[in-house]
Amino acid sequence: MPTILAFAGSPRRGGNSEILLDCLTAGVKDKGGQVNKIILNELKISPCQECGGCDKSGCCVVDDDMQSIYKQLDSAGALVVASPIFFSGVSAQLKAVIDRCQCHWVRKFLLKQSPHENKRPGVFLSVRGQAGLDIFHCAVKPVKAFFGTEDVSYAHELLCDNIDAKGRISAHSDVLGQAYQLGWKLLSQISRG
Ligand SMILES: Cc1cc2nc3c(=O)[nH]c(=O)nc-3n(C[C@H](O)[C@H](O)[C@H](O)COP(=O)(O)O)c2cc1C
């Protein structure tokens with residue numbers, strides 16, 4: 001069974017988006033699936049330097065923790081990305097990972113190479129402090145572009161507004177249940193191939 005790669009994009013440990021992510025991964029694990037959860041804030045990932053080092057090879061020349069993420073992105077059976085909304089977009093930690101996948105964009109769209117025959121399913125989980133679902137599109141757009149570059153379909157999303165204080169999402173058992181069930185769905189999608 002392929003591993004589900006799960007990015008926790010918030011710098012706040014035990015925060016709202018990580019709680020959602022943990023509910024989803026609990027759903028996966030309870031059904032026998034494997035998860036590789038990565039706390040992006042704990043990694044050393046430089047922003048893309050736009051150096052052109054990947055232009056001919058599709059490989060990034062910057063030697064930092066992203067080199068391990070590239071391998072995990074290529075081998076994952078599914079991808080789950082969790083991020084808070086920061087100034088209307090995704091967290092800087094997640095955006096750095098997305099931008100560093102420019103080398104995979106080169107690989108796919110310029111060099112016409114892809115390690116995947118079929119798309120893997122992907123999920124975006126996000127939480128914002130203020131009320132209103134309108135702002136989420138500024139985060140959904142780069143995540144969709146990222147998924148497209150990584151041969152991942154934007155299969156599911158769970159976008160939660162009006163949740164600000166750390167851990168406050170735990171009071172919303174309906175939302176936690178939805179995240180848990182997404183874990184099941186994702187696993188069954190992978191199992192079906
Ligand atoms: C730097 C920063 C920027 C934020 N920007 C927004 C914003 O633009 N819109 C919003 O609704 N909430 C904003 N928030 C609130 C967070 O989205 C909210 O607290 C969320 O629940 C945090 O999720 P987390 O616990 O997973 O980090 C911001 C919080 C911080 C720290």
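Reader: Is R107 buried or exposed, and what is its relative accessible area?

Author: R107 is buried, with a relative accessible area of 14%. The word "buried" means under 20%, "exposed" means over 50%, and "partly exposed" is in between (1.4 Å probe, protein chains only). Before we go on: this is a predicted model, where local features need pLDDT of at least 70 and side-chain atom pairs count only at pLDDT 80 or more, while totals for chains, interfaces and linings use all residues. Residues are numbered from 1 along each chain as its sequence is written, and side-chain values use heavy atoms, leaving out hydrogens and water.

Reader: Which residues of α4 are buried?

Author: Helices are DSSP runs (H or I, at least four residues), strands are E runs of at least two, and both are numbered from the N terminus. In α4, the buried residues are C103, H104, V106 and R107. They cover an arc of only 155° around the axis, so they sit on the same side of α4. That arc is taken from the directions from the helix axis to the C-beta atoms.

Reader: What covers the buried residues of α4?

Author: The cover includes α2 (66-75), α3 (92-100) and α5 (137-149), with contact meaning heavy atoms within 4.5 Å. Just after α4, you'll also find K112 with a positive phi of about 55°.

Reader: Which residue forms a salt bridge with R107?

Author: A salt bridge is a side-chain nitrogen of Lys or Arg within 4 Å of a carboxyl oxygen of Asp or Glu. For R107 the partner is D74, and their closest N and O atoms are 2.8 Å apart. R107 lies in helix α4 and D74 in helix α2, so the pair ties together parts that are 33 residues apart in sequence. D74 is partly exposed, at 23%.

Reader: How many salt bridges are there?

Author: The count comes to nine salt bridges. One of them joins R13 and E42, with closest N and O atoms 3.2 Å apart. R13 is in the loop between β1 (4-8) and α1 (16-30), and E42 is in the loop between β2 (35-39) and α2, so this pair ties together parts that are 29 residues apart in sequence. R13 is partly exposed at 41%, whereas E42 is exposed at 55%. K37 forms a salt bridge with D22 at 2.8 Å between the closest N and O atoms. Here K37 belongs to strand β2 and D22 to helix α1, 15 residues apart. R13, E18, D22, K37 and E42 are linked in a network of salt bridges.

Reader: How many aromatic pairs are there?

Author: A pair of aromatic rings is described by the distance of the centres and the angle of the planes. Rings of Phe, Tyr and Trp (its six-membered ring) pair if their centres lie within 6.5 Å; planes under 30 degrees apart count as stacked, over 60 as edge-to-face and the rest as tilted. The count here is four aromatic pairs. In one of them, F146 and F147 have ring centres 6.1 Å apart and planes at 45°, so the pair is tilted. F147 also makes a tilted pair with Y154, 5.9 Å centre to centre with 45° between the planes. F147 is buried at 1%, while Y154 is partly exposed at 22%. F146, F147 and Y154 form one aromatic cluster.
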